[in-house]
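Reader: I would like to learn how to read the features of a model like this one. Could you take me through it step by step?

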Amino acid sequence: MNQYVVLRVITKLMIPVILLYGLYIQFHGEYSPGGGFQAGIIFAAGFVIYSLIYGLDKAQEAISPEAAHILAALGVLLYIGIGIASFFLGGNFLEYKVLLPDDHAGETFGIIGIELGVGITVATVALTLFYSFAGRERD
Amino acid sequence: MDLLIQHLPALQVVLPMLAAPIVMLMARAPRLAWAATTLTTWLTLGVSILLVQQVLLHGSISYHMGGWVPPVGIEYFVDPANIVVLLIISLMGAISMPFALRSVEQEVDKAKHGLFYAAFLLANCGLLGITITGDAFNIFVFFEISALASYALIAMGKDRRAVMSSYQYLVMGTVGTTFLLIGIGFMYIMTGTLNLIDLAQRLPEVNDTGTIRAAFAFLVVGISLKLALFPLHLWLPNAYTYAPSMITVFLSATATKVAIYVLLRIIFSVFGYEFSFSELNLGYVLMPLAMLGILIPSIVAIFQTNIKRMLAYSSVAQVGYMILGVSFASTLGLMASVVHLFNHAVTKAALFMALACIIYRVGGVSLDRMAGIAKQMPWTMAAFVLAGLSLIGIPLTVGFVTKWHLLLAALEGGLWPVAVFLLGTSLLATIYIWKVVEAAYLKEPAEGAQPVREAPMSLLLPTWALTVACLYFGIDTSLPVDLANRAAETLMGGYL
């Protein structure tokens, strides 16, 4: 669809807004509706619309399927890493308040951290799903 | 060490969950991925053994996730009822991994090994999570984790039909977990809590409402789908037949067992014996279904020519035995069911491993391809026969321990027709196992069939480890029977 100027221009204008909105949902997750899952999907939607208009190859230049794989694993590791870190600081699994000296700061830090992990994994898994459907050759 | 002991319940689930993404990153080094997975399963087994020890020494353990006190927070609750199941899952994971190396290398595309083992760890983590958690919604989440991982694992089978059977399982499994979720939702509406212990305390006040009865029905039907209770078993034969051999071994030994455990938890611990069996007469529903579930799949098994499929049908029949024990609604019957969880896991895993050895050498396990195989693979077939005897329930095998206790429970309840039925159906198992023995020992190999060698050591050793376990625990029954007794008493006592 590279030849449609209107689509190309509008998409280019919209993508930064979509990504920014995704980040907003991500970092406001702990005190307003939203969080890592929704943010990840919105973030991935930005890449999906880009590849619909500019082609799969261009989108995969930005985030290659391998990179998406690795990021998906790293997101989960971030989540579990924070959980395990609280073992060693004297709390139970995922007990955020021990992460920082101040209880309240620790909880905020912990929840933002794990939501970030969720966001990264959801975005890259959604992207991987899109890649594997879009990349299928016709039989 | 104190730190370790204190966090054992969390580690039980977190270890495989932590290892899964790491293994996924090892896509370029299949052997490394295998080694990391094996290490994880053995560490998980270690955690299970320590948990058993802790529970037997100090009683039940409650672990508060994130430091939130239950019933608000999620609680991991380990008591004599679920340590048995935890032990079965992690033991089967640990034994099937050494076996996996050669078997998976042959059956699964090399580029997918990292993902395969990651999915295996997630399935493991999900099953352990279902068992250990004390939170109803958490049960649903872990059911989905283990189920989604199993769908992916089954679809990785060599046969093209693997994808179809995985899809079939996906549809049925999703219906099952949706029913489970509806049931949990209804309980939450009526009580405002998701913690199992808290539910057990609050449900009696609202027991007499249609909502709770509907919740109970949804839960029982949903879980019955997952545990493949006849006639809700249709996903199972295909899934077991076309999955990679190692996955058949693992799932047959664990997945349905965990669902049975959840059923026991719900009907005995949460709703309580009184409500389930006196008010709603669950026994009258479960007993006929269990008996039909033993009879019909056993007969269907006799007519199968693919041995993997035959054993899959036999698994449905064995689920029938477990549910039959539950339907007696007595401590003895319950104990027979719980001990059969362990016995069937060991027996069926040994049988499927022996088949996997044959698949490794021959490429398939149809009856005609197995003709005369016993001369070429004597050790494998010997293991198959011994485990087969255990499946039938010959004395001095674990299968007999179950049959004996089921028989005692049936007689204790005055149900002598059921006792006769139990003895009769053992004959059906004899017929289908004999068909394999006849083909392997008495028939001559087909003309032009390639002679094969005995399976490699890495496949034979785990197979024989399980076969020896079938015999050992059939003679020295103290460990499984003791654990099952404690589990049955805990379940009968409810949470209160």
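Predicted model: local features only at pLDDT ≥ 70, side-chain atom pairs only at ≥ 80, totals over all residues.

Reader: What share of chain A counts as buried?

Author: A residue is buried if 20 or more other C-beta atoms lie within 10 Å of its own, exposed if 12 or fewer, and partly exposed in between, with C-beta atoms placed from the backbone. Of the 139 residues of chain A, 37% are buried.

Reader: How many residues of chain B are in contact with chain A?

Author: Two residues are in contact if their C-beta atoms, placed from the backbone, lie within 7 Å. Here 14 residues of chain B are in contact with 14 residues of chain A. On the chain B side, α2 (8–24) and β1 (61–64) are the elements that give two or more residues, and α2(B) has the largest share, six residues.

Reader: Why do the ends of helix α21 of chain B lie 22 Å apart?

Author: The expected span of a helix is 1.5 Å times one less than its number of residues. For the 16 residues of α21(B) (residues 478–493) that gives 22 Å, which agrees with the distance between its end C-alpha atoms. Its buried residues are P480(B), L483(B), A484(B), A487(B), A488(B), T490(B) and L491(B). They cover an arc (of the directions from the helix axis to the C-beta atoms) of only 165°, which puts them on the same side of α21(B). The elements they pack against are α4 (80–107), α11 (245–270), α15 (331–362) and α20 (457–475) of chain B. Just after α21(B), G494(B) takes a positive phi of about 70°.

Reader: Which residues touch the most other members of the largest nonpolar core?

Author: A nonpolar core is a set of buried Ala, Val, Leu, Ile, Met, Phe, Trp, Tyr and Cys residues joined through C-beta atoms within 7 Å. The largest one has 237 residues, and V84(B) and L153(B) touch the most other members. Its largest share, 21 residues, comes from α15(B). Leaving aside neighbours within four places in sequence, V84(B) is in contact with V338(B), L341(B), F342(B), L483(B), A484(B) and A487(B).

Reader: Which residues of helix α12 of chain B are buried?

Author: In α12(B) (residues 272–279), they are G272(B), S276(B) and F277(B). These fall within an arc of 140° seen down the axis, so they line one face of the helix. The face turned away from that buried side carries the exposed residues E274(B) and S278(B). The cover over the buried residues includes α8 (196–206), α11 and α13 (282–302) of chain B. Just after α12(B), N281(B) has a positive phi of about 55°.

Conventions: Residues numbered from 1 in each chain as written. Chains lettered and ligands numbered in written order. Helix = DSSP H or I, 4+ residues; strand = E, 2+ residues; numbered from the N terminus.
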